[in-house]
Number of protein chains: 2
Amino acid sequence: MSEITEMENGVCAAKGFRASGVHCGIRKNKEKKDLALIVSEKRAATAAVYTTNLVKGAPLIVTKNHLSDGYSSALICNSGNANTCNANGIEIAEGMCRLVEEHMGIPASDVLVASTGVIGQPLDLTPIASGMDALCADLSASGHSAAEAIMTTDTIAKEAAVSFTVGGKTCRLGGIAKGSGMIHPNMATMLVFLTTDCAIIPAMLQKALSEDVKTSFNMVSIDGDTSTNDMVTVMANGLADNEPITSEGEDFSVFCQALHMVTVKLCRMIAGDGEGATKLLSCKVSGAKDEKTAKTAAKSVICSSLFKAAMFGADANWGRVLCALGYSGADLDVNKIDVGFASKQGEITVCKAGAGVPFSEETAKQILLEKEIDVLIDLNDGDAYAEAWGCDLTYDYVKINGDYRT
Amino acid sequence: MSEITEMENGVCAAKGFRASGVHCGIRKNKEKKDLALIVSEKRAATAAVYTTNLVKGAPLIVTKNHLSDGYSSALICNSGNANTCNANGIEIAEGMCRLVEEHMGIPASDVLVASTGVIGQPLDLTPIASGMDALCADLSASGHSAAEAIMTTDTIAKEAAVSFTVGGKTCRLGGIAKGSGMIHPNMATMLVFLTTDCAIIPAMLQKALSEDVKTSFNMVSIDGDTSTNDMVTVMANGLADNEPITSEGEDFSVFCQALHMVTVKLCRMIAGDGEGATKLLSCKVSGAKDEKTAKTAAKSVICSSLFKAAMFGADANWGRVLCALGYSGADLDVNKIDVGFASKQGEITVCKAGAGVPFSEETAKQILLEKEIDVLIDLNDGDAYAEAWGCDLTYDYVKINGDYRT
């Protein structure tokens, strides 16, 4: 298997990509950047997946339209306003793309657009237009300011990148993400912008992305709410100069592995930085009869409010794990299930064959007081495995969402 | 249409039922009752519905078995321990029924049994056995102490009753319920014990109950978690002396209406007293193309953590209502949807045809600061209607569930 190496940097790890982020005035707080731009020096094969919510943000509709030929050159994204459920949403989203055309000379039809923030408040183009000069001037090969500019209630900027080899050429793939709240992706997800210099045709890029999200972003849940503006894009500009990937085979397989390393890293960052979260929870289900069963089981546990609140309290309340497995709809035999908890403090088994076993509450507490917790579930019913990521339910989640608009 | 009149009292409103509740020692806090008994002086036609969770509490299995002939004479229920996921659960549940036989002379096979509380901790029969004398001595036609004894994190005892006329005879139907947490019933629900003196055969009683829960308890959600011990039972001892109801027709229809009045009242009590709740939320969806669509839409809104947190903050964040409708899976046209909020302070429209309309934030705040809030959704796509009940998501929900076991 080809070696895949983690890199610093994110959305500009790949050759020929520059990015920027500034405060233009959509958000009142001048300390918070609210406008991001990603530009490829070469037109890039591009794939995307979108929310399955019937309410779709206007930017998604415009992006889908601009991507009908499978290529793009730039992406503009604002935070602070979702530009969704507004009568003039499409017009404004198109306007953002035209601003990129005017300032960068890239045809508007090659520009992708995304927005995140409050739903149902008209988005004004004025601050965006006045921020374009600064945005274009800020373009650099760091990309960190773009990662900052797409944050809403996120507390950390989320970046990840790897390098890998295809056809003897070194390729790079990286990206940025925003998560935090309204996170329960289905088919697509939150905002994730990926770039690579690997040469790959649009059809294979879309295939890789569509397959990847099934075991990456679609296995994350912060609060069970599927956003109206979820979108993952990946742009591949081919500047690594490898023989383009045009079909399945070893090169495609390496590309998919590299993609998965980056997406899973971003998933863990998104889950661990969920609104109000104090803990990253990874639910690892093994011994399932098939992958669908494993995924359904893992996701049900990670979505349970009761389980999430118990984790906030570092309470080894495994009955709630069994309860969530029982109502998940997954095909399983409750009398075979083992449950354990693990963290860097160690591992403890709390349930065997569907019934409690004696365990040290003190040891369990020590394990659960850590910031990264694994919930280990063995269904003892086959060989399939799945993992889902989430976070605990805390006072701060309620605080953040009890008065988000004001 | 026959008149149905609300009554004081609950599970003993119907002739020939007595009930009691005492503290026997399952719970450490001596102020909290933990054992309840309901007895019919005549063997009663009985129907029940149970949780669909694959993990089923031992008491449910024993109850189902004892109900195979469609009749029962008594019900015993403890709080403080769910007797679920324990190796000896069935034995203990049978033991509780035998204690009723020994003290009341009612065959154990005519006794129903229920438990609620923590999962996965063995339940000891000793305190129950020692509490039986007091429990039997406490039997009265009030039943209020039974309503208290089945409470866990509930803050109010839940009772409701009505009287109605069948075949010229006055009948009564009432019940008690416990809700609070792990409440997202599916087919069956939380613990609800109903009694009536109306004469009705078991098959028609089961038909009435199974139909009723679809628009009553199955439309309640506190936290999306379907319990392992949910159960609704209804005992009909026939002491009202009406011609027994043996088929559909006017009498059955009146009976179903009376049943629904009591169950909906209990639903609202359960939702308004959800764990940590400060508000009862009723989501009323009209203009749906069919009832299934209306129910799916209403339930999705009532289950949204983001919407629930917004209601806690009295924030008219209607974008979250549209978002929850969009991912609900219901077949609807987002561009037709109107949304409003109402309480005894008045009513306000915040969204027309899928887009925001200007409204006074001050008026909205006044409406949403009330304790009972209606969310009014018109899909403008047909004539079907549904209603779902829930509560807000608060700091106290997190507090209660962050450390439930200790």
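What distance separates the centres of domain 1 of chain A and domain 2 of chain A, taken over C-alpha atoms? In this predicted model, the two centres lie 32 Å apart. Domain 1 of chain A covers residues 5–272, while domain 2 of chain A covers residues 280–402. Where the two domains meet, eleven residues of domain 1 of chain A are in contact with 13 residues of domain 2 of chain A, and the residues on the domain 1 side of this meeting place comprise five nonpolar, five polar and one charged.

Looking at chain A as a whole, one can follow eleven helices and 15 strands, and the C-alpha trace spans about 70 × 55 × 35 Å along its principal axes. A compact globule of 406 residues would have a radius of gyration near 22 Å, and because chain A has 22 Å, its value agrees with that expectation. Of the 406 residues of chain A, 63% count as buried. Among the contacts in chain A with a separation of 6 or more, 80% are made by residues 24 or more positions apart.

Lys56(B) counts as buried because 21 other C-beta atoms lie within 10 Å, where the cut-off for a buried residue is 20 or more. If its neighbours within four places in sequence are left aside, Lys56(B) is in contact with Thr51(B), Ile61(B) and Thr228(B). Pro358(B), by comparison, is 302 residues away from Lys56(B) along the chain, and the C-alpha atoms of these two residues are separated by 50 Å.

Definitions and conventions. Residues numbered from 1 in each chain as written. Chains lettered and ligands numbered in written order. Predicted model: local features only at pLDDT ≥ 70, side-chain atom pairs only at ≥ 80, totals over all residues. Helix = DSSP H or I, 4+ residues; strand = E, 2+ residues; numbered from the N terminus. Rg over C-alpha atoms; globule rule 2.2 N^0.38 Å. Buried ≥ 20, exposed ≤ 12 C-beta atoms within 10 Å, placed from the backbone. Contact = placed C-beta atoms within 7 Å. Domains from an automatic or database assignment. Nonpolar A, V, L, I, M, F, W, Y, C, P; charged D, E, K, R; others polar.
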